[in-house]
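Here's a quick briefing to read with the structure open beside you. Have a look first, then work through the notes below.

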Amino acid sequence: MAALGAERGEASKVEEKINTQKTADSWKRHIIRQLKHRDKYQKAMFQDVILAYINLLERSNQRALITKGILGSGSRYPASSNESLTSLISKNDDLKKTTGELAYQVLELQQEIKIKDSVLEEQHARMCEVKKDLLGVQAEDGSLAVRVAEVTEGNRLLKREYDSLLEQHHDMDQTFREEKLRGQEMLEELVRRKQHAAIRMNSRNERRVRAREASLQKELETAGKVKVTIDVGSVSAPASREASPKSDLAERRTTRLFSRKKRRGNSLCLSLEEELYVPVGICLAARVPVRALHVLDAHELGINAVRFSSSCNLLATGGTDRSIKLWDVKAGMLHNRGTLDGSNEGITSIEFDQTGTRVIAASYDKSALFWRLDDSAPKVTKQPG
């Protein structure tokens, strides 16, 4: 058992070493990749400088080798000829010229490096500005996101309110329709009651007329049996009437039965005898009219008030178009007589005076206006303070 435990411990240690080695290898590979990437990036930026530096090193190495060869040859051959000195001097001149060219190239390369450094600094500054702008845009985007969330929440609340108002509208519309149906039913019931009341009133009037005719027939029979002496030459009619009051009453009722009254719309006045001898009118039928006798477009907008004059031959209509129009009633037709203007709001009610020559009207602005029929401008206007 102890040996088995030792083997397991050694196996775990080996696994830990393998894992550690794998971790170290992955870390090293990561560093190598980063170094290669940096080397590639920097090498691309300074490739020209590196090439110039390599050329400079090669030429300096050549110069060192040449100098070494010259010194070695001098030591080996101390008694050289003038030609070797001349060649060495020319080579020295060539090396100086090459050194000058290399120095000039180094200066040019340093100038290019400075230019590239300035370009890099400008790009770095521009990158900083872009980062700053990016931060500002991100902040603005965050504020806009918050605003969008607020607007969305507000729209959700408005949608809820709209839904609730729509439900209320549906409920109120349903209630309105029910009330409208109820009003129509009440109107029909009222018309039905009016018809029944008219029928009852007509039946009562017919019974009264029959009873009055029967009593009048009896009075005529009684008056026919009474003997009356009339003196044609005398004018004392009151005395004879006083002598026979029953015959006087019979004569009056007979005259009342057979006298005819002129139509009120065509006569100018009525005498006392006409008022006494005119029979009382009887309502024979009461029903809702089903056909209009005359239809015309009286106003541009709705009509709110209609009124006949006392003589019944003049009609006034007032409407929402703030005017009153006068109409002559002839042979069941309406003929335009004129227009009364001057109101600031729509007309609500109209009234004639007893003579039928003046009109007073009320309007929506709580004012009363007074006209004469011969003048379309209002004479008096009263408005409450």
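**Salt bridges and surface patches**

Lys 159 has a relative accessibility of 47%, so this residue counts as partly exposed. Its partner is Asp 163: the two side chains meet in a salt bridge, 3.1 Å from N to O. Keep in mind that this is a predicted model. The points below start with the chain as a whole, then go through the charged pairs and the surface patches.

**The chain overall**

- The protein chain has six helices and eight strands.
- Reading along the sequence, you get the pattern α-α-α-α-α-α-β-β-β-β-β-β-β-β.
- How much of the chain is buried? Of its 385 residues, 12% count as buried.
- The chain exposes about 31,900 Å², and carbon and sulfur atoms supply 56% of that area.
- Take the contacts in the chain with a separation of 6 or more: residues 24 or more positions apart account for 37% of them.

**Salt bridges in helix H3**

- How many salt bridges are there? The count comes to ten, and the pairs below are among them.
- Why do Asp 163 and Lys 159 sit about one helical turn apart? They are four residues apart in helix H3, which covers residues 82-225, and that spacing gives about one helical turn.
- Asp 163 is partly exposed, because its relative accessible area is 29%, and Lys 159 is partly exposed too, at 47%.
- Further along, the side chains of Asp 173 and Arg 177 meet in a salt bridge with an N to O distance of 3.4 Å.
- Asp 173 and Arg 177 are also four residues apart in helix H3, so about one helical turn separates them.
- On accessibility, Asp 173 comes out as partly exposed with 26%, and Arg 177 as partly exposed with 49%.
- Glu 206 and Arg 210 make another of these pairs, with side chains meeting in a salt bridge at 3.7 Å, N to O.
- Here again, the two residues are four apart in helix H3, so Glu 206 and Arg 210 are separated by about one helical turn.
- Is Arg 210 buried or exposed? Arg 210 counts as exposed, because its relative accessibility is 52% and the cut-off for exposed is over 50%.

**A salt-bridge network**

- Which residues are linked in a network of salt bridges? They are Glu 189, Arg 192 and Arg 193.

**A positive patch**

- Arg 200, Arg 204, Arg 207, Arg 208 and Arg 212 form a positive surface patch.
- Where does Arg 207 lie? You'll find Arg 207 in helix H3.

**A nonpolar patch**

- Which residues make the nonpolar surface patch? Trp 27, Ile 31 and Leu 35 make it, and the patch comes to about 300 Å².
- Trp 27 is found in helix H1, which spans residues 2-45.
- Trp 27 counts as exposed because its relative accessibility is 54%.

Definitions and conventions
Residues are numbered from 1 along each chain as its sequence is written. This is a predicted model: local features need pLDDT of at least 70, side-chain atom pairs count only at pLDDT 80 or more; totals for chains, interfaces and linings use all residues. Side-chain values use heavy atoms; hydrogens and water are left out. Patches are made of residues with over 30% relative accessible area and no salt bridge: like charges are joined within 9 Å, nonpolar side chains (Val, Leu, Ile, Met, Phe, Trp, Tyr) within 5 Å. Accessible areas come from the Shrake-Rupley method with a 1.4 Å probe; for residues, only the protein chains shown count as cover. A salt bridge is a side-chain nitrogen of Lys or Arg within 4 Å of a carboxyl oxygen of Asp or Glu. Buried means under 20% relative accessible area, exposed over 50%, partly exposed in between (1.4 Å probe, protein chains only). Contact means heavy atoms within 4.5 Å. Lys and Arg count as positive and Asp and Glu as negative; His and the chain ends are not counted. The place of a charge is taken as NZ of Lys, CZ of Arg, CG of Asp or CD of Glu.
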